[in-house]
Amino acid sequence: MTRIARGNVSVLLGLLAGASVLSAGCSQNVETVRDGERLEDSAPPPPAGGNPLVFTAGEPLDFDAFEEPEVPPFVKAFFMHTWVEALYSVPANNNPNPDWTSPLLDPVDNRVWCTDCHVSGQVDFENIPKMRVPMTDVYENDHEFMADLMRKWVARLNSDEYFARAKLARPVDCLTCHATHPDPD
Ligand code: HEC
Ligand code: HEC
């Protein structure tokens with residue numbers, strides 16, 4: 001399922017010339033938000049002393065060597081926008097908590113914003129617009145991807161090491177926004 005989705009993604013990439021300018025601009029600095037595992041970290045190491053692209057008889061072709069790179073930053077930015085909005089207005093997920101109330105101390109004048117969590121200042125995260133592209137749909141329906149991204153996001157939201165925590169009236173968990181536990185695990 002994920003593999004098929006990635007296949008679509010690579011086709012879509014070609015259609016996204018304009019958007020990828022943006023993504024290139026960000027990726028110079030992606031180091032700044034690296035925490036936790038990334039797609040590339042989970043890839044198996046290249047065979048010792050071997051170029052994985054060189055095929056010798058009897059050796060299986062290493063298809064992972066052709067794997068798509070990670071999710072482009074502008075796709076993640078779309079979801080970041082919907083989550084920030086879900087802190088002050090009814091969440092736009094499939095099955096929102098019917099008793100949702102804002103977990104913010106002041107949902108009108110003191111909202112959580114991109115720069116509360118993206119603190120390096122090297123990337124202008126807040127200027128990455130909310131853009132829905134075909135690739136957004138692909139990842140939106142990949143619940144494992146969504147849950148993984150959201151776990152990291154919620155952890156940073158509740159962390160005293162970032163600025164968002166001070167704006168919360170109570171800690172946030174998955175059920176703040178979802179009617180039933182959305183964790184696919
Ligand atoms: C509550 C904390 C929090 C807030 C608020 C937040 N982010 Fe993030 N953001 C994260 C975390 C954590 C990650 C790393 C997740 C990952 O890449 O696996 C991330 C990753 C990203 C990435 C991907 C970067 C990369 O290396 O690919 C982009 C782009 C991004 N955020 C944009 C935004 C924008 C735009 C906003 C405001 C609308 C925003 N973020 C608000 C926590 C936050
Ligand atoms: C602040 C509100 C908020 C919190 C907290 C939250 N989510 Fe979500 N979640 C959303 C929104 C909004 C979407 C829809 C995002 C989109 O499609 O743009 C979503 C979508 C999802 C989806 C995709 C299916 C769907 O319903 O759209 C999964 C899976 C998911 N969340 C898992 C989690 C998990 C796991 C946690 C806890 C670690 C969590 N979420 C915490 C707001 C939240």
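Student: How many helices and how many strands does the protein have?

Tutor: This is a predicted model. The protein has 8 helices and 0 strands. Read along the sequence, the pattern is α-α-α-α-α-α-α-α.

Student: What share of the residues is buried?

Tutor: Count the neighbours around each residue. A residue is buried if 20 or more other C-beta atoms lie within 10 Å of its own. Of the 185 residues in the protein, 12% are buried.

Student: What do the contacts say about residues 24 or more positions apart?

Tutor: Take the contacts in the protein with a separation of 6 or more. Residues 24 or more positions apart account for 69% of them.

Student: Where should I be careful with the coordinates?

Tutor: Start with the confidence score. Where pLDDT is low, predicted coordinates should not be read in detail. The protein averages a pLDDT of 75, and 62% of the residues score at least 70. Over residues 1-47 the pLDDT is below 50. That stretch still has 39 contacts in the model beyond near neighbours in sequence. Over residues 49-56 the pLDDT also stays under 50. For residues 49-56 the model has 6 contacts beyond four places in sequence.

Student: Which residues of α4 are buried?

Tutor: P73, F74, V75, A77, M80 and V84.

Student: F79 is found in helix α4 too. Is F79 buried or partly exposed?

Tutor: Apply the neighbour count again. F79 has 19 other C-beta atoms within 10 Å, and the cut-off for buried is 20, so F79 is partly exposed. The C-alpha atoms of F79 and L149 are separated by 9.1 Å. Along the chain these two residues are 70 residues apart.

Student: Now the ligand. Which residues are closest to ligand 2?

Tutor: List the surrounding residues, then pick out the closest. For ligand 2, 24 residues surround it, and the closest are T82, N93, N94, C174 and C177.

Student: Which helices supply at least two residues of the shell around ligand 2?

Tutor: α4 (73-85), α7 (143-158) and α8 (174-177) each do. The largest share comes from α7, with 6 residues.

Student: How does the shell around ligand 2 divide by class?

Tutor: Sort the residues by side-chain class. The shell around ligand 2 has 14 nonpolar, 7 polar and 3 charged residues.

Technical notes. Residues are numbered from 1 along each chain as its sequence is written. Chains are lettered from A and ligands numbered from 1 in the order in which they are written. This is a predicted model: local features need pLDDT of at least 70, side-chain atom pairs count only at pLDDT 80 or more; totals for chains, interfaces and linings use all residues. A residue is near a molecule or strand if its C-beta atom, placed from the backbone, lies within 6 Å of it. Helices (H or I, at least four residues) and strands (E, at least two) are DSSP runs, numbered from the N terminus. Ala, Val, Leu, Ile, Met, Phe, Trp, Tyr, Cys and Pro count as nonpolar, Asp, Glu, Lys and Arg as charged, and the others, Gly among them, as polar. Two residues are in contact if their C-beta atoms, placed from the backbone, lie within 7 Å. pLDDT is the predictor's confidence in each residue, from 0 to 100.
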